[in-house]
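Q: Please take a close look at the salt bridges of this model, and describe the pairs and their surroundings in one connected account.

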Amino acid sequence: MSDQSFSTRIIRAGFQKPDPHGAIALPVYRNVAFEFPDSEAIAAAFRGETGEHTYSRVSNPGVTHFEQKVKAASGAESVIALGSGMAAITNTFFAIATAGSNIVASPHLFGNTFSFFKNTLTAFGVEVRWVDTSDLQQIAEAVDENTCAFFAELVTNPHLEIADLPAISKILKTRNVPMIVDTTLVPWCAFDAKRAGVDVEVVSTTKYISSGATGTGGVIVDHGTFDWLRNPKLAAMPAPQGVSRFTAKLRGEIVRNLGTVMTPDTAAMQILGLETLQVRFERMSATAEALARHFADRVPVNYPSMGAYQALSNAMFLGAPGAMFTIDLASKADCFRFMDALTVFRRATNLFDNKSLVIHPESTIYSTFTPEMKHTAGIGETLVRFSAGLEDVDDLKNDIENALKAI
Ligand SMILES: Cc1ncc(COP(=O)(O)O)c(C=O)c1O
């Protein structure tokens with residue numbers, strides 16, 4: 001990684017080719033097809049020899065530019081941009097999981113990720129082995145020669161638990177298992193995934209990066225640290241130049257076959273979002289931490305740098321660890337009464353919008369889960385989840401203050 005600071009690296013990351021007019025932001029290439037001077041040139045492009053774009057479901061100049069900026073932000077070897085965070089997760093596992101293989105994962109996951117593992121992947125003969133990520137022995141025992149990956153969320157949504165990734169990485173390295181982590185909740189300006197032992201990050205760029213919920217997006221960030229030769233799906237591939245077998249499989253087959261690519265318009269918005277990521281993240285996180293600390297003596301509050309995960313949070317993250325915090329109230333009815341009395345926080349499902357958001361996860365995101373699935377996923381009915389936005393912290397404080405009077 002260059003020794004320039006985080007935002008400078010992102011803003012300075014250049015175009016693939018100079019713009020003929022000297023435009024300072026890459027124009028949006030809202031086209032599907034690319035024309036070639038002769039048949040040999042298009043054939044060479046299809047063989048992947050020239051790096052030229054051929055078709056926007058495969059690649060597009062704006063999407064590639066966004067990927068280059070994410071590379072500059074994360075220090076990764078390669079980045080692939082997709083249409084949503086779920087696309088990043090599903091494409092990753094379609095590249096590495098086979099019938100008979102297993103995934104060792106924490107069950108404390110965002111609802112659709114849990115459902116993808118439990119419902120979608122198991123229907124293809126992939127086994128999911130739930131583990132408590134605070135129990136290293138359990139992880140060591142769950143992993144075997146058929147484990148295609150360990151998976152966890154960096155900070156779990158909505159529980160706000162933190163796994164000791166450097167310690168887990170040591171176990172996985174001795175067993176030759178890749179560590180794949182959903183790092184959506186704390187971006188690269190505050191967390192160095194590679195240093196923590198993460199081989200592949202999956203990120204919902206819908207959240208901090210889209211700059212105010214302008215569109216859904218996702219990235220697969222490959223640090224190039226894992227040797228995929230042991231994976232039966234990847235071992236048979238020819239060794240590609242400069243990218244891992246995993247990224248080559250994704251780019252050459254999975255992403256184009258599933259049609260999950262990011263659109264050029266989304267890439268243009270997400271480039272702008274990346275350029276302001278650090279200032280927005282730091283401001284939103286400082287607001288979340290201030291609110292969590294302010295209300296901690298009134299209601300049970302959960303925030304990563306407070307309580308049980310304080311030491312891990314301080315060791316792993318730079319500054320305040322994100323804009324999400326939760327509170328526990330006495331009952332579901334109290335949660336609804338409290339939420340209905342809020343006037344600045346918006347009742348909506350998303351995280352890290354510029355607008356502050358509030359939701360009751362059990363009755364919304366997890367509403368289709370059976371009681372047993374809710375139990376496994378650690379979802380209770382007394383939890384209210386907040387995402388702090390860019391409004392003034394005192395207005396948000398007053399909003400919560402007033403709504404607490406309603407219960
Ligand atoms: C931690 C986490 N991962 C993945 C996703 C899925 O992202 P998307 O909505 O962009 O598909 C979400 C969505 O809320 C999330 O919170």
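A: A salt bridge is a side-chain nitrogen of Lys or Arg within 4 Å of a carboxyl oxygen of Asp or Glu. The model is a predicted one, in which local features need pLDDT of at least 70 and side-chain atom pairs count only at pLDDT 80 or more, while totals for chains, interfaces and linings use all residues. Residues are numbered from 1 along each chain as its sequence is written, and side-chain values use heavy atoms, with hydrogens and water left out.

The structure holds 16 salt bridges. One of them joins glutamate 49 to arginine 47, with 2.8 Å between the closest N and O atoms. Glu40, Arg47 and Glu49 are linked in a network of such bridges. Glutamate 49 is exposed at 53% relative accessible area, whereas arginine 47 is partly exposed at 47% (buried means under 20%, exposed over 50%, partly exposed in between; 1.4 Å probe, protein chains only).

Aspartate 265 pairs with arginine 30, the closest N and O atoms being 2.5 Å apart. Aspartate 265 belongs to helix α10 (residues 264-275) and arginine 30 to the loop between α1 (6-12) and α2 (39-46), so the pair ties together parts that are 235 residues apart in sequence; helices are DSSP runs of H or I, at least four residues, numbered from the N terminus. Aspartate 265 is partly exposed at 31%, and arginine 30 is exposed at 62%.

Aspartate 334 and arginine 337 meet at 2.9 Å, N to O. Both lie in helix α13 (residues 332-340), three residues apart, about one turn of the helix. Aspartate 334 is buried at 13%, while arginine 337 is partly exposed at 44%.

Note on methods
Helix = DSSP H or I, 4+ residues; strand = E, 2+ residues; numbered from the N terminus.
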